Amino acid sequence: MRVQVAIIGAGPAGLTLGRLLERAGVDAVIIERRSAEYVLGRIRAGVLEQSSVDLLEAIGVGGRMRQEGIPHDGVELSFDGDMLRIVFQDLVGRKVMIYGQTEVTRDLMDARAATGARTIYEAENVSLHDLDGASPKVRYVKDGVSHEISCDFIAGCDGSHGISRASIPESAIQTFERIYRFGWLGVLVDKPPVADELIYAHHERGFALCSMRSHTRSRYYIQVGTEEKVEEWSDDRFWDELRARLNPDVAERLQTGKSIEKSIAPLRSFVAEPLRFGRLFLAGDAAHIVPPTGAKGLNMALQDVRVLAEALVEHYTERSNAGIDTYSARVLNRTWKTERFSWWMTSLLHTFPETGPFGRRIQRAEFDYLAASRIAQQSLAENYTGLET
Ligand code: RFL
Ligand code: PHB
C-alpha cells in the first residue's frame with residue numbers, strides 16, 4: 001500500500017490528525033495495535049480547553065459534545081479544607097468543557113467509520129523504516145499476514161510507550177524527565193458529582209480531585225504512593241480516604257457507590273526534543289507527558305496535531321516545507337509552558353514528604369497568595385483554560 005501520511009496510533013492525537021488530513025484531501029491511514037473497543041475502554045481525561053472544543057467543532061465532530069458536554073466557568077481549590085473558587089469566566093473570559101476523552105475518541109471513530117477512512121486495528125509488530133530517506137515505510141502483521149505501507153511522512157501518535165519515539169536513534173533525540181514518587185488512584189462511579197465544578201484539594205494526607213463525566217457519573221482521584229496496589233483499595237477504603245482529604249461540608253455531601261472502574265496512574269513530566277527525525281514527526285503523548293493535575297495531556301495532543309496537519313497540508317498544497325521545518329520548535333515552545341504549569345499545579349496541590357514542614361508552609365503561602373491576588377488567579381485561569389500560543 002502507498003499513502004501520503006501513515007499515522008501510528010488511534011488515540012485522540014492520531015484520530016484528530018486523521019480527520020484534519022482527510023478534510024484537507026491528504027491521503028492517510030491509521031495503524032493501531034489495539035482493538036477499537038480496547039482504545040474506548042481506557043478511562044482518561046475529562047476536561048477540554050476552549051481551543052480543543054473549537055478544533056473538534058471545526059472538524060465536524062462537535063455535535064454530541066455540544067449536547068452532552070458540560071461547560072464550566074471555573075474550578076475550586078481546597079487547602080486543608082479552606083475553599084477558593086477560581087472563576088475563569090470573570091478572570092480571563094474563558095471556560096472549559098467537561099467531556100470525556102472516551103467520548104471524544106468515540107466521536108472521532110464514528111466520523112471515520114462514516115466516511116470509510118481507513119484504520120487498521122490490531123496491527124501487530126508495527127515497525128518503522130527508512131525514516132531519514134525520501135520514502136519511509138511502516139511494516140506490521142495483521143491476522144498473521146505481513147504488510148508494508150510506503151509513505152511520504154509518518155506521524156508518531158502512539159503515546160508514551162509507542163514505537164515511534166523508540167525508532168529514533170538515541171544520538172538524534174534528547175529527553176527530559178521528572179518522575180514523581182506518587183500516582184493517582186482513580187475511581188469512576190455512577191453517582192452525581194459532589195459539586196457543580198471540579199474540586200482540586202490539597203490536604204496533609206495527600207491530594208484529592210473531585211471530577212465528573214456527566215451529571216450522573218463522577219470521577220474521583222486521590223494521591224497514593226507508587227508502591228500502592230489497586231487491589232488493596234476497597235471502595236470503602238477509597239471513600240473514607242477521599243472524605244478525609246476534603247472540606248467537611250463537601251465530604252458530607254459526597255455520594256458514594258460501587259466503583260465501575262478503579263486504576264492507578266503514575267505521575268510523570270517528560271519531553272522529547274526535537275519532535276522530528278527525517279520524515280517522522282512526534283505528537284501527543286509520544287512527544288511529551290504531563291502529570292494530570294493541569295488537565296493538559298489531551299489538549300496538548302489536539303493542539304500538536306493541529307499544527308502538524310497545517311504543516312503537512314502546506315507541504316502538499318503550497319509545496320512549502322516551512323511548516324514542516326518549524327513544527328518541532330513551535331510545538332516545543334508551547335509544550336514547555338504547559339509542562340511548567342502542570343508541574344506548578346502538581347507542586348502546589350500534592351504532598352511531598354521530602355520537603356518537610358518548610359515545603360508545606362510554602363504551599364500554604366502559595367495558596368494564600370492565590371486567594372488574595374487577582375493577578376495570581378488570572379495566571380492560573382489563563383493557563384488552565386489554555387494559552388493562546
Ligand atoms: P494515547 O491516547 O496514549 O494514544 C496512543 C495510541 O497509540 C497506540 N499504540 C500503538 N499503535 C500502533 N503501534 C504501536 N507500537 C503502538 N503503541 C501504542 C495505543 O494503543 C493508543 O491507542 O496518546 P495521544 O493520542 O497522544 O493522547 C494523549 C492523551 O491520551 C493523554 O495525554 C491524556 O489522557 C492525559 N490525561 C488528561 N489530559 C487532559 O487533557 N485532561 C485531563 O483531564 C486528563 N486527565 C489524563 C488524565 C491521563 C490519565 N492517565 C491514565 C495517564 C487522567 C489520567 C488518569
Ligand atoms: C478527570 O476528570 O479525569 C480529570 C479532570 C481534571 C484533571 C485530571 C483528570 O486535572
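Residue numbers start at 1 along each chain as its sequence is written, with chains lettered from A and ligands numbered from 1 in written order. Because the model is predicted, local features need pLDDT of at least 70, side-chain atom pairs count only at pLDDT 80 or more, and totals for chains, interfaces and linings use all residues; side-chain values use heavy atoms, leaving out hydrogens and water.

**Stop one: ligand 2.** Select ligand 2 and its shell of 14 residues (a heavy atom within 4 Å). Tyr200, Ser211, Arg213, Tyr221 and Pro292 come nearest. Now look for polar contacts (N or O pairs within 3.5 Å). Polar side-chain atoms sit 2.7 Å from a ligand 2 oxygen for Arg213 and 2.6 Å for Tyr221. Over at Ala295, a polar backbone atom is 3.4 Å from an oxygen of ligand 2. Of the 280 Å² of accessible area that ligand 2 has on its own, the protein covers 97% (Shrake-Rupley, 1.4 Å probe).

**Stop two: the largest cavity.** Next, hop to helix H10 (322-349), which gives four residues, the most, to this lining. A cavity here is a set of points on a 1 Å grid over the protein atoms alone where a 1.4 Å probe fits but cannot get out, and lining residues have an atom within 4 Å of a point. The space is about 80 Å³; among the lining residues are Glu49, Arg334, Lys337 and Phe341.

**Stop three: the second largest cavity.** Pick helix H6 (residues 101-115), the top contributor with three residues. Gly11, Pro12, Val39, Arg42, Gln101, Thr102 and Thr105 surround about 50 Å³.

Conventions: A polar contact is a pair of N or O atoms within 3.5 Å; within protein, one must be able to donate a hydrogen and the other to accept it, and residues adjacent in sequence count only if both atoms are side-chain atoms. On a 1 Å grid over the protein atoms alone, a cavity is a set of points where a 1.4 Å probe fits but cannot get out, and a pocket is an open set with protein on both sides within 12 Å along at least five of seven lines; lining residues have an atom within 4 Å of a point. Grid points are joined across faces, edges and corners, and a volume is the space filled by probe spheres set on the points. Helices (H or I, at least four residues) and strands (E, at least two) are DSSP runs, numbered from the N terminus.
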